[in-house]
Amino acid sequence: MRTVVIPDLHIPYNDKRATEALLRFVKDTNPARIVLLGDVVQCGAVSKFPDYSSKPMSFKDELDQGKEFLNDLTFHWPNSIKYKIDYLLGNHEERVQKYLVRNAGSLVGLEEVSIESLLKTKELGYAVYPPGTKIALGAYKDNWIAEHGDRTSSYSAYTARRMLEARGVSGISGHSHRLAAYYYSNYARTDRWIEAGHLCDISSHAFNYDTTKNWQQGFVILDNNELGKVEYKIVEIHKGKFVVDGVRYTSE
């Protein structure tokens with residue numbers, strides 16, 4: 001029982017090489033479940049924050065590229081015939097709702113202008129969850145949850161610690177763009193929280209707001225062992241390449 005957890009892509013500012021390698025991995029390994037942790041699409045054109053590009057991208061172009069990725073992910077995953085992909089909307093997808101509140105309040109609540117409708121997730125059979133939702137990784141005996149995340153700290157594992165302290169159970173989140181694992185044990189059990197990394201192209205102007213770029217590119221695999229416990233793999237991506245179970249995946 002394998003779950004692949006895919007963190008922040010921020011399309012169209014995703015790393016195309018890393019994204020292609022990930023799609024090949026999904027096709028090759030056919031996991032039992034796929035969870036998108038949110039911020040799949042940047043939604044920069046509807047953001048209140050300025051876009052410093054000399055040629056800002058239109059919202060339609062952002063959506064078109066987002067739909068292309070979601071279609072590709074579904075196409076590459078053989079299990080999509082039987083199961084849905086879980087898509088946890090992040091704070092960037094939430095920008096659509098906030099834009100409507102600021103500029104077109106009478107349209108708030110219309111399904112036709114929701115991010116789900118704009119990305120056509122229903123047609124793809126995705127299970128889409130509103131921003132802030134926590135879902136159970138219920139195939140495991142361990143009490144794990146997954147969510148986009150609502151906390152960030154400056155260093156790897158600092159956010160994981162804050163998330164674990166806030167939730168009190170094991171889990172996994174995106175949002176911080178860092179790879180990390182934090183553990184806490186008491187007499188009863190050991191809990192851990194995983195930061196799932198990102199799939200962004202950090203050279204893009206879209207990320208100039210963070211000058212340090214203390215981010216790590218990657219994703220996470222959860223496996224259910226014979227005892228019903230979760231074994232996780234943090235997969236680091238370097239220059240569009242990564243290795244899982246001795247197999248090397250690239251965009252080439």
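The following conversation goes through some features of this predicted model.

Visitor: Why is helix 1 called roughly parallel to helix 2?

Guide: Helix 1 (residues 16–29) and helix 2 (residues 59–76) pack at an angle of about 25°, with their axes 8 Å apart. Angles under 35 degrees count as roughly parallel, and therefore helix 1 is described as roughly parallel to helix 2.

Visitor: What makes the contact between helix 1 and helix 2?

Guide: On the side of helix 1 the contact is made by K16, T19, L23, V26 and K27, while helix 2 contributes Q65, F69, D72, L73 and H76. Sorted by class, this contact of helix 1 with helix 2 has four nonpolar, three polar and three charged residues.

Visitor: How do you know whether D8 is buried or exposed?

Guide: D8, which lies in the loop between strand 1 (2–6) and helix 1, has a relative accessible area of 0%. Buried means under 20% relative accessible area, so D8 is buried.

Visitor: What makes the pair of D8 and H177 a polar contact?

Guide: The side chain of D8 comes to 3.4 Å from the side chain of H177, and a polar contact requires a pair of N or O atoms within 3.5 Å, one able to donate a hydrogen and the other to accept it. The pair is accordingly listed as a polar contact.

Visitor: Which residues have the most contacts inside the largest nonpolar core?

Guide: That core has 37 residues, and those with the most contacts inside it are F25, L36 and L73. The largest share of this core, six residues, comes from helix 1. Among the residues that L73 touches are I6, L23, V26 and Y126.

Definitions and conventions:
Residues numbered from 1 in each chain as written. Predicted model: local features only at pLDDT ≥ 70, side-chain atom pairs only at ≥ 80, totals over all residues. Heavy atoms only, no water. Axes fitted to C-alpha atoms, helices over the stretch in contact; angles between N-to-C directions. Helix = DSSP H or I, 4+ residues; strand = E, 2+ residues; numbered from the N terminus. Parallel < 35°, antiparallel > 145°, perpendicular 65-115°, else oblique. Contact = heavy atoms within 4.5 Å. Nonpolar A, V, L, I, M, F, W, Y, C, P; charged D, E, K, R; others polar. Buried < 20%, exposed > 50% of the residue type's maximum accessible area, 1.4 Å probe, protein only. Core = buried A, V, L, I, M, F, W, Y, C linked by side-chain atoms within 4.5 Å. Lists of a residue's contacts leave out its neighbours within four places in sequence.
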